Amino acid sequence: MTSSKLRWYSQPSLARGAVEARKIFSDSDFATLKSKVKSLIEAKVGKEIPNLCDYHCLVDDKTHQTLFGSKLSRVFSERDARDIVKLDSIQGFLEDLGDYKLTDVKLPTGRFEGRPEVYFRVVRPSKSSDVGQLHADVWFDKLLNIDYEGKRAFKTWTLLWGDSSNPGLQFFQFDEDLLGKYVVVVDSQGNKAFNSLINTRPAVNLNMNEGDSFLFDHLTLHQGISHRSVTRVSVEIDFCPKGYR
Ligand SMILES: [Fe+2]
């Protein structure tokens with residue numbers, strides 16, 4: 001947990017069962033964020049999509065995979081990311097955090113030095129391939145040899161468009177000691193052992209309204225849930241301790 005006024009969720013707080021979204025964007029900053037993501041998606045798709053909840057009706061599967069299948073295709077450009085960072089809501093948030101800054105973009109192929117990590121995700125109804133499978137973000141850090149030396153990195157996950165009557169994220173109640181044992185086996189056959197173990201643990205589903213954000217640290221086990229009714233669009237912003245990237 002952070003010593004700042006703002007707190008985020010981590011495995012111990014999830015183990016206590018209560019999860020709650022909060023608002024970190026003012027109404028006008030949220031409108032700016034939505035409009036930025038809408039323009040990015042429409043520019044790539046090459047047509048207007050008045051309500052992004054209807055995206056799946058207007059974009060075929062092949063086009064979607066080509067346009068948004070990789071994280072790289074969903075990462076904000078440096079200029080767009082810096083526009084978001086400049087928003088009063090993010091500046092105030094950073095001020096409250098004190099010892100934190102935006103993380104440099106993390107991709108399976110490496111990092112973008114000095115480019116803040118802001119990216120969106122488009123999840124169509126009943127398309128499990130569009131959501132992130134069960135993981136803790138620290139697993140990817142390990143693959144990229146990123147080490148915060150015991151300090152916590154965390155992220156904000158914000159719902160831009162979606163169906164608030166269905167959960168968008170699912171978490172699992174684990175204590176950190178147990179999690180630590182399995183974190184080291186990322187992407188090896190050990191991952192299977194982890195998945196069978198997790199089936200015995202209680203899941204926590206999180207329903208969110210548009211404009212809500214959820215903050216959780218890089219040790220938190222989570223996965224996305226595909227809605228049945230509408231396309232969901234979310235945006236993630238990653239933060240790390242100052243002095244790291
Ligand atoms: Fe994640």
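**View 1. Leu33 and its contacts in the nonpolar core.** Set aside the neighbours within four places in sequence, and Leu33 is in contact with Phe25, Ile84, Leu160 and Val235. Here, two residues are in contact if their C-beta atoms, placed from the backbone, lie within 7 Å. Leu33 is also among the residues with the most contacts inside the largest nonpolar core, a list that includes Val118, Phe214 and Phe239. That core has 48 residues. A nonpolar core is a set of buried Ala, Val, Leu, Ile, Met, Phe, Trp, Tyr and Cys residues joined through C-beta atoms within 7 Å. Buried means that 20 or more other C-beta atoms lie within 10 Å of a residue's own; with 12 or fewer it is exposed, and in between it is partly exposed. In soluble globular proteins, nonpolar side chains tend to be buried together.

A quick word on what you're looking at: this is a predicted model, where local features need pLDDT of at least 70, side-chain atom pairs count only at pLDDT 80 or more, and totals for chains, interfaces and linings use all residues. Residue numbers start from 1 along each chain as its sequence is written.

**View 2. The hairpin between β2 and β3.** Strand β2 (residues 104–107) and strand β3 (residues 110–116) run antiparallel, with 4 bridges joining them. The hairpin gets from β2 to β3 through 2 residues. Look for Lys106, which stands opposite Arg111 in β3. Strands (E, at least two residues) and helices (H or I, at least four) are DSSP runs, numbered from the N terminus. Two strands pair if DSSP finds at least two bridges between them.

**View 3. An open sheet of 3 strands.** The order here is β7-β6-β9, and the pairing is antiparallel. β7 (203–207) and β9 (222–224) are at the edges with a single partner strand each, so one side of each has no neighbour in the sheet. From one strand to the next, the twist averages 25°, using axes that are lines fitted to C-alpha atoms, with angles from 0 to 180 degrees between N-to-C directions. Strand β6 (residues 167–172) is joined to β9 by 3 bridges, and Leu169 has Gly224 in β9 as its bridge partner.

**View 4. Two loop residues with positive phi.** Most residues other than glycine have a negative phi. Ser126, in the loop between β4 (118–123) and α7 (137–143), has a positive phi near 50°. Ser126 counts as exposed because it has 11 C-beta neighbours inside 10 Å. Glu149 sits in the loop between α7 and β5 (154–161), and its phi is positive too, about 50°. With 7 C-beta neighbours inside 10 Å, Glu149 counts as exposed.
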